[in-house]
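Let's take a walk through a protein model together. Keep the picture open beside you and find each part as we get to it.

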Amino acid sequence: MLFALMGVGLLFAAALPEAFGERALLFAGCYAVMQVGRALFLRLQLGDHPLGPNFSRILAWAVLCAALWIGGGLAEPGWRMLLWGLAVACEYVSPMFGFPVPGLGRSDSAREWTIEGGHLVERCALFVIVALGESILITGATLAHAPAWDAAEMIAFATAFVGSLAMWWLYFNIAVRDATEIIVQADDPGRYGALFHYLHVAIVGSVIVTAVGNDLMIAHPHGHMTLAFVLVMLAGPGLFLAGNGLYKRAVYGRFPLSHLIGLALLLPLACLAQVLGLLWLNALTTVVLIVTASLETAARGGPPDKQVSTH
């Protein structure tokens, strides 16, 4: 099954750049095959296992989503966006309600969503590592294609690199270690598993948006400040702080004050964006990330065995 998913995944990746063009059907078809095929395989393998009914419901929703994905691949661009938007909504909303299916009921997150805490947290963390690693690679590639390595471009490069390190510091400093214990000790680990997945969509997405901002800054350090540039420069760090704050709220029971301070510090930068310019705006957002990480480390510092969860 893994080898089959690997083969289809390669086709999926090859079709991705033209997903909204001539390879829309191939893109949608590969994704549908992976989702339905995985759920069907697991359902057949489980047989009479107590988790079987859960995967029956997952399979039903996978088939519904597959129809929307393939329908979008066959449709005109306008309808494609609508159908694919509905497919994405089904993918993310259905687990919130336990994959309800007429005649099959809904899944109980406490009994039917068995989660191994360490494995789940590790998988989520690896997605963040990949996203941060790709952002650093993009930073280097953009610098390599820059026309002239002047002082502004080198400052932009250094700021982007340090910003990626600050994001790593914020994410891996504390919560990742304690998140495992939260899932292990929870009465309904499935609920935490679903919540962590949803929050990591925002966290990984924020890393991607930040990488776009770094790319723009290195390529055009003296470029004209536009509303789109301002939104990209601030949305990435802002979404990262918000996503991490919600993640830590799930782990510790409260939104960290350090992250609230970081979000508050981004507000004046939005007002001063036109005065600051691209280079200084990005540099100051990096400073905000470093300040936030420093405040959190100071607030929760100390040896790991002396740090106590407040959940």
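This is a predicted model: local features need pLDDT of at least 70, side-chain atom pairs count only at pLDDT 80 or more; totals for chains, interfaces and linings use all residues.

First, a word on labels: helices here are DSSP runs of at least four residues, numbered from the N terminus.

What is the phi of phenylalanine 99? Its value is near 50 degrees, which is positive even though this residue is not a glycine. For background, most residues other than glycine have a negative phi. Is phenylalanine 99 buried or exposed? Buried means under 20% relative accessible area, and phenylalanine 99, at 12%, therefore counts as buried.

Now let's look at the aromatic rings. Across the whole structure, a search turns up 12 aromatic pairs. One of them joins phenylalanine 12 and phenylalanine 27: the ring centres are 5.1 Å apart and the planes meet at 20 degrees, so this pair is stacked, given that planes under 30 degrees apart count as stacked. Phenylalanine 12 belongs to helix α1 (residues 2-15) and phenylalanine 27 to helix α2 (residues 24-46), so you're seeing a link between distant parts of the chain, 15 residues apart.

Stay with phenylalanine 27 for a moment. Its relative accessibility is 9%, so it counts as buried. Phenylalanine 27 also pairs with tryptophan 84, this time in a tilted way, with 5.2 Å from centre to centre and 55 degrees between the planes. Tryptophan 84 is in helix α4 (residues 77-93) while phenylalanine 27 is in α2, so this pair ties together parts 57 residues apart in sequence.

Tryptophan 84 counts as buried too, because its relative accessibility is 5%. And what sits over its ring? That's the charged end of arginine 80, 5.9 Å from the ring centre.

The largest pocket holds about 2200 Å³ of space. It is lined by 49 residues, and the closest to its centre are Gln35, Arg38, Tyr92, Phe127 and His197. Which elements give two or more residues to this lining? They are α2, α3 (52-74), α4, α5 (117-144) and α8 (189-219). Of these, α8 gives the most, with 13 residues.

There is also one cavity of 30 Å³ or more, and the space in this largest cavity is about 50 Å³. Its lining is made by Gly163, Met167, Thr210, Asn214, Pro237, Asn282, Thr285, Thr286 and Leu289. Helices α6 (151-172), α8 and α11 (273-300) each give two or more residues to the lining, and α11 gives the most, with four residues.

Proline 237, one of the residues lining that cavity, takes us to our last stop. Helix α9 bends by about 30 degrees at alanine 235, and proline 237 follows within four residues. How far apart are the end C-alpha atoms of α9? The helix has 26 residues (227-252), so at 1.5 Å a residue it should span 38 Å; the end C-alpha atoms are 36 Å apart, which agrees. Just after α9 comes glycine 253, with a positive phi of about 90 degrees.

Methods
Residues are numbered from 1 along each chain as its sequence is written. Side-chain values use heavy atoms; hydrogens and water are left out. The expected span of a helix is 1.5 Å times one less than its number of residues. The bend at a residue is the angle between axes fitted to the seven residues ending there and the seven starting there. Rings of Phe, Tyr and Trp (its six-membered ring) pair if their centres lie within 6.5 Å; planes under 30 degrees apart count as stacked, over 60 as edge-to-face and the rest as tilted. Buried means under 20% relative accessible area, exposed over 50%, partly exposed in between (1.4 Å probe, protein chains only). A charge sits over a ring if NZ of Lys or CZ of Arg is within 6 Å of the ring centre and within 35 degrees of the ring normal. On a 1 Å grid over the protein atoms alone, a cavity is a set of points where a 1.4 Å probe fits but cannot get out, and a pocket is an open set with protein on both sides within 12 Å along at least five of seven lines; lining residues have an atom within 4 Å of a point. Grid points are joined across faces, edges and corners, and a volume is the space filled by probe spheres set on the points.
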